[in-house]
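Please look at the sequence and structure below before reading on.

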Amino acid sequence: MSLRFNAISSINNNETAIPASAKITGIFGTNVFTLKTAREFLSDEAYKSLVTSIRGGKKIDRSVANQIANGIRAWAESKGVTHYTHWFQPLTGTTAEKHDSFFTLKGDGTAIEEFDGAALIQQEPDASSFPSGGLRATFEARGYTAWDPSSPAFIIEIGQGKTLCIPTIFVSYTGESLDYKAPLLKALEALNKSAVEVCNFFDKNVTKVTPTLGWEQEYFVIDEALATARPDLVQCGRTVFGASPAKGQQLEDHYFGSIPERVYAFMRDYEQEAYKLGIPLRTRHNEVAPAQFECAPIFEEVNIAVDHNTLLMDVM
């Protein structure tokens, strides 16, 4: 029997399990260190400093950073987290992370759980294998991740494991951007400065302009068994043979059509994980091409929207 027949046979024998319904507001943001959560786990001083940094871009004092780090760790440990990572977006087009545990040993050999302000604010991952656009030689490996307080920390669940993820920028030893987030933050600040100047011609009370963004995420859903039966998909990651694609309206009946049951189960699965991570998905539907679908969120502040879109691709 051919690989394709085996694939079809395995699909027919699979049962479709649709996740149980849950009220979205009941699970939304449960794995995110929101300001509401911060109010519970931080002192007044630490909370006010964090809010000022998020809304006004003010620097957080190192002593206060220790308080914030302890609060984030307490929240994460209450949810069963044992490791943390600086989560960043290098020039690879995907995300990157290096997990470290809260566990450490004191000088006398005592085992403790620890996460201080220094670990929250900055880390030094090996940058030698990340793209740099020719900024430096490969052997000059030093790169730094730095905490972005404007994007909240979150917890990723993989099986039974949970990891605290801290959104960060990624820069070289000499300060050049090695990621997509740092240039975005610089662009947003430049846009804010110029937009406020224009707005002040009409209203002197305007002090900040916040751009928003709502990503549409279009994707294809293909059975793993069918994909592995195609040598071109396995070897090249794309189709190199087959029928020519339709160029007209031949597939209009698929657009906004009824969502197949197995695809619907997949949608429900990733939507629930997305809601836990604070990703405000609102819309789902069939797209035009065969096996093509789409989801779309509510508009958010640009920096958070970009993080959520990148995170959604990880979840999917």
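A291 is partly exposed, with a relative accessible area of 27%; buried means under 20%, exposed over 50% and partly exposed in between, using a 1.4 Å probe and protein chains only. The model is predicted: local features need pLDDT of at least 70 and side-chain atom pairs count only at pLDDT 80 or more, while totals for chains, interfaces and linings use all residues. Residues are numbered from 1 along each chain as its sequence is written, and side-chain values use heavy atoms, leaving out hydrogens and water.

A291 sits in the loop between β11 (281-286) and β12 (292-297). Its phi is near 65°, a positive value in a residue other than glycine. F256 also has a positive phi, about 65°, and is not a glycine. F256 belongs to the loop between α9 (231-236) and α10 (261-276), and is exposed, with a relative accessible area of 56%. Most residues other than glycine have a negative phi.

## Overall make-up

The protein has 11 helices and 13 strands. These are DSSP runs numbered from the N terminus, helices being H or I of at least four residues and strands E of at least two. The C-alpha atoms fill a box of roughly 65 × 65 × 50 Å along the principal axes. Of the 316 residues, 36% count as buried.

Among contacts between residues at least 6 apart in sequence, 64% join residues at least 24 apart; a contact means heavy atoms within 4.5 Å.

## Domains

Domain 1 covers 3-15 + 211-315 and domain 2 covers 31-178, with bounds from an automatic or database domain assignment. The C-alpha centres of domain 1 and domain 2 lie 31 Å apart. At the contact between them, 11 residues of domain 1 meet 14 residues of domain 2.

## Nonpolar cores

The largest nonpolar core has 26 residues, and those with the most contacts inside it are F33, L42, L50, I68, F115, L120 and L164. Such a core is a set of buried Ala, Val, Leu, Ile, Met, Phe, Trp, Tyr and Cys residues joined through side-chain atoms within 4.5 Å. Two or more residues each come from α4 (44-56), α5 (62-78), α6 (117-121) and β8 (161-172). The most come from α5, with 7 residues.

Not counting residues up to four places away in sequence, L164 touches several residues, including I72, W75, F102 and F154. A second, separate core of 19 residues includes W87, Y270, A274 and C295.
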